Amino acid sequence: MFETLKEQPADKILALMQTFREDPREGKIDLGVGVYKDASGNTPIMRAVKAAEKQLWETETTKAYTGLAGDPAFADAMIALVLGDAVPRANVAAVATPGGTGAVRQGFDMVRMANPSAKIFVSNPTWPNHLSILKHMGMTMVPYRYFDEDSRGVDFDGMMADLAQAGPGDIVLVHGCCHNPTGANLNMTEWQAVVDLLNKTGATPMVDIAYQGFGDGLDEDAAATRLIASSVPETIIAASCSKNFGIYRERTGLLMAVSQNSAAHKLNQGTLAYLNRQNYSFPPDHGARLVTMVLTDDALRMDWMAELEEVRNSMLGLRDLLASELQRASGSDRFGFIAQHRGMFSRLGASTDKVDKLREDHAIYLVGDSRLNIAGLNKETVPILAKAIVEVGI
Ligand code: LMR
């Protein structure tokens, strides 16, 4: 029977991670997968997370099942982190999921149950796994214009024109902050226009928020998600704790279904719990418990926020440094967009050939679409990258 299986395309980001590991060259630079690295190239366990883990080891008395939705305290803490007081808690149904990817997948599942013929409007480009999951699920995707190849900013007029085609029963998938893969983001005036358009067309937004705290700050990065969730009838939100808590391998995320009509809450909550049961039964608990402990203990929370701020500022510093090194190396301002972009990534807007040349001639690894992970750099590697970028003719 297995001989009927077809070879599946490798995930480009994960395949690159493997090629990098196998590259024997000294001084190779990994700017591929979206994992934070400090100046010495390590992905540290955050101080507050480590402290919570120690406490948990000392105090946890059972590993018995939680509920199908996960520990309700985790949902409460994460809803407060993502949504603040933008919507009443009673209007938010939520389940813990295995990572942000689990939340995304489960969110699409919920959409498919509610409307099997829903069209999912996705930014062009978007995180490749959005497309891969939607394809796997047999759902209809409609790309909307997003990245302006000339300015390396958002093609806002194109985006609005394309989103005007979405209707009731369709989903508009947006990145809450720190757009992956481009690093180009909307400002709040533009988000307000998107909200007005959604209210006009009747399409439902789905927000993927995987980098809260990596752009302009915890509240600033959640502002668009809060605006959307408080302004339209229904919103789906997939939140990840992988990056901002640095707990990638613990697989910790939360899927939320917000409805202005609180009478819908029971049905939404039941549907999400049902989906958990069908897909993996109880969600993983360890990472969720650590996040809950960090968010609900004043000292741990303060320490986590301080460390997250260090991480964010170090990425901003690297952005500024790279932009100015590139200005020096190229003698032009054409890379100024790198300092404007936010989050872990920037898309250079270079051809695959040039990305290949960076890898082959300089042992510098970018994703094929010319996305680079800013956090993969440090003060020593920034000038090396700037020189290589100019040398390959980007
Ligand atoms: C990325 O975009 O590199 C991360 O979100 C990791 C992943 O799973 O692709």
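Domain bounds, as used here, come from an automatic or database domain assignment. On that basis the protein is assigned domain 1 (11-45 + 312-391) and domain 2 (65-296), and the C-alpha centres of domain 1 and domain 2 lie 27 Å apart. The contact between them, where two residues are in contact if their C-beta atoms, placed from the backbone, lie within 7 Å, takes 23 residues from domain 1 and 25 residues from domain 2. On the side of domain 1 that touches domain 2, the elements giving two or more residues are α1 (12-22), α11 and β9 (345-347), helices (H or I, at least four residues) and strands (E, at least two) being DSSP runs numbered from the N terminus. The largest share of that side, three residues, is contributed by β9. By residue class, the side of domain 1 that touches domain 2 divides into ten nonpolar, six polar and seven charged residues; here Ala, Val, Leu, Ile, Met, Phe, Trp, Tyr, Cys and Pro count as nonpolar, Asp, Glu, Lys and Arg as charged, and the others, Gly among them, as polar.

The model is predicted, and local features need pLDDT of at least 70, side-chain atom pairs count only at pLDDT 80 or more, and totals for chains, interfaces and linings use all residues. Residues are numbered from 1 along each chain as its sequence is written.

The secondary structure of the protein comprises 14 helices and eleven strands. The radius of gyration, taken over C-alpha atoms, is 21 Å, close to the 21 Å given for 394 residues by the globule rule (2.2 Å times the number of residues to the power 0.38), so the protein is as compact as a globular protein of that length. Along the principal axes, the C-alpha atoms fill a box of roughly 60 × 55 × 55 Å. Of the contacts between residues at least 6 apart in sequence, 76% join residues at least 24 apart. The UniProt record lists, in an unreviewed entry, residues 27-389 as "domain: Aminotransferase class I/classII large"; UniProt positions are given in the numbering used here, feature names are shortened, and annotations may be inferred rather than shown by experiment. Residues 27-389 are 47% helix and 15% strand, and the end C-alpha atoms of this span lie 16 Å apart.

Buried residues make up 45% of the 394 residues, a residue being buried if 20 or more other C-beta atoms lie within 10 Å of its own, exposed if 12 or fewer, and partly exposed in between, with C-beta atoms placed from the backbone. In soluble globular proteins, nonpolar side chains tend to be buried together. When residues up to four places away in sequence are not counted, Met-78 touches Ala-239, Leu-254 and Val-291.

Several local backbone features occur in loops. A cis peptide bond, with omega of about 10°, joins Asn-124 and Pro-125, and Pro-125 is placed in the loop between β3 (119-124) and α5 (128-136). Another cis peptide bond joins Asn-180 and Pro-181, with omega of about 25°; Pro-181 is found in the loop between β5 (171-175) and α7 (188-201). Arg-152, a residue other than glycine, has a positive phi near 60° and lies in the loop between β4 (140-145) and α6 (156-163), where Arg-152 counts as buried because 21 C-beta neighbours lie inside 10 Å. Ala-363 likewise has a positive phi, of about 55°, although it is not a glycine; Ala-363 is located in the loop between α13 (352-362) and β10 (364-365) and, with 18 other C-beta atoms within 10 Å, is partly exposed.

Tyr-36 and Ser-281 were also examined in relation to Ala-69. Tyr-36 is found in the loop between β1 (29-30) and α2 (47-59) and counts as buried, with 25 C-beta neighbours inside 10 Å. Leaving aside neighbours within four places in sequence, Tyr-36 is in contact with Thr-43, Lys-243, Gly-246, Val-311 and Ala-375. The C-alpha atoms of Tyr-36 and Ala-69, 33 residues apart along the chain, are separated by 29 Å. Ser-281, in the loop between α9 (265-279) and α10 (286-296), is exposed, with 9 other C-beta atoms within 10 Å; Ser-281 and Ala-69 are 212 residues apart in sequence and 9.1 Å apart in space, C-alpha to C-alpha.
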